[in-house]
Amino acid sequence: MQQSIAENITQIKAQLPEGVSLVAVSKYHPVQQLQEAYAAGQRIFGESHAQELVAKAPLMPDDVQWHFIGHLQRNKVRQIMPIVSLIHSVDSIRLLSTIDKEAARIGRSVDVLLQLHVAQEEAKSGFAVEELMQLAENGEFQPFKHVRYRGLMAMATFTTDTALIASEFARVASTYATLLEKQIFPGADFNQLSMGMSDDWHIAVEHGATLVRIGTQIFGPRQY
Ligand SMILES: *Cc1c(COP(=O)(O)O)cnc(C)c1O
């Protein structure tokens, strides 16, 4: 028999080292399934479409932390701003500028991760490693006072080649270490590394992930 959502969550959490948090990726899953996860103690949910997030959030308890993990269009930032606690997928200065403006507009600040592009697929978004370092050294991240930089996010290539996946996560981890060493984002808040999905989170954890984003292994296949 198939395991329940609660059993899946318990099983994953039992394998996560201390300090690693589980983001339950609930995109395309009905609210009833999110409620099952909530009842099992899950509080962090990851969504990747603004409209879906806006529709689901009012149907869930107030202590849910909503993470936005998908490609974010600038014209969707206003909709999600009152809801999100962490945006994983910041991939341009233009998007940051919009996020900053919309956060200021409603008098809040918002936590973000900068997404790195390390996978081989062109379709995936994110800053190239060299691009991010260059922007950082030029001070391009500094003007945004309503944004709190919390760390990096990345996706590995979709492949069964675990050595390739490991090398990509290692690259993210070393970029993160360099940013810390150079104190590019000073303060204790820059402390999150979001990497790892259903098929590769074990590898991500070995490379220092602090947030794993797991959908299928919790909820089963998505109903598109
Ligand atoms: C959908 C998605 C996930 C979850 O993928 P699963 O393979 O279902 O665990 C994680 N991260 C991002 C950015 C996603 O879009």
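Residues count as partly exposed here when their relative accessible area falls between the buried cut-off of under 20% and the exposed one of over 50%. Asp-189, at 32% relative accessibility, is therefore partly exposed. Keep in mind that this is a predicted model. Here's a quick tour of its salt bridges, ligand site and core.

**Salt bridges**
- The structure has 10 salt bridges.
- Asp-189 pairs with Arg-148, with the closest N and O atoms 3.3 Å apart. Arg-148 sits in strand β6 and Asp-189 in the loop between α7 and β7, so this pair ties together parts 41 residues apart in sequence.
- Lys-182 bridges to Glu-137 at 2.8 Å. Since Lys-182 is in the loop between α7 and β7 and Glu-137 in helix α6, the pair links parts 45 residues apart in sequence.
- Glu-52 and Lys-56 meet at 2.7 Å, N to O; the two are four residues apart in helix α3, and both are buried.

**Ligand site**
- Ligand oxygen atoms come within 2.6 Å of a side-chain N or O atom of Lys-27 and 2.7 Å of one in Arg-222.
- A ligand nitrogen is 2.8 Å from a side-chain N or O atom of Arg-213.
- On its own the ligand exposes 390 Å², and the protein buries 91% of that.
- Other residues around the ligand include Val-25, Ile-69 and Met-153.

**Nonpolar core**
- The largest nonpolar core holds 69 residues, and Leu-152 is among those touching the most other members.
- Helix α7 gives the most to this core, seven residues.

Notes
Residues numbered from 1 in each chain as written. Predicted model: local features only at pLDDT ≥ 70, side-chain atom pairs only at ≥ 80, totals over all residues. Heavy atoms only, no water. Core = buried A, V, L, I, M, F, W, Y, C linked by side-chain atoms within 4.5 Å. Buried < 20%, exposed > 50% of the residue type's maximum accessible area, 1.4 Å probe, protein only. Near = heavy atom within 4 Å. Polar contact = N/O pair within 3.5 Å; in protein donor to acceptor, adjacent residues only side chain to side chain. Areas by Shrake-Rupley, 256 points an atom, 1.4 Å probe, with all protein chains shown as cover. Salt bridge = Lys/Arg side-chain N within 4 Å of Asp/Glu carboxyl O.
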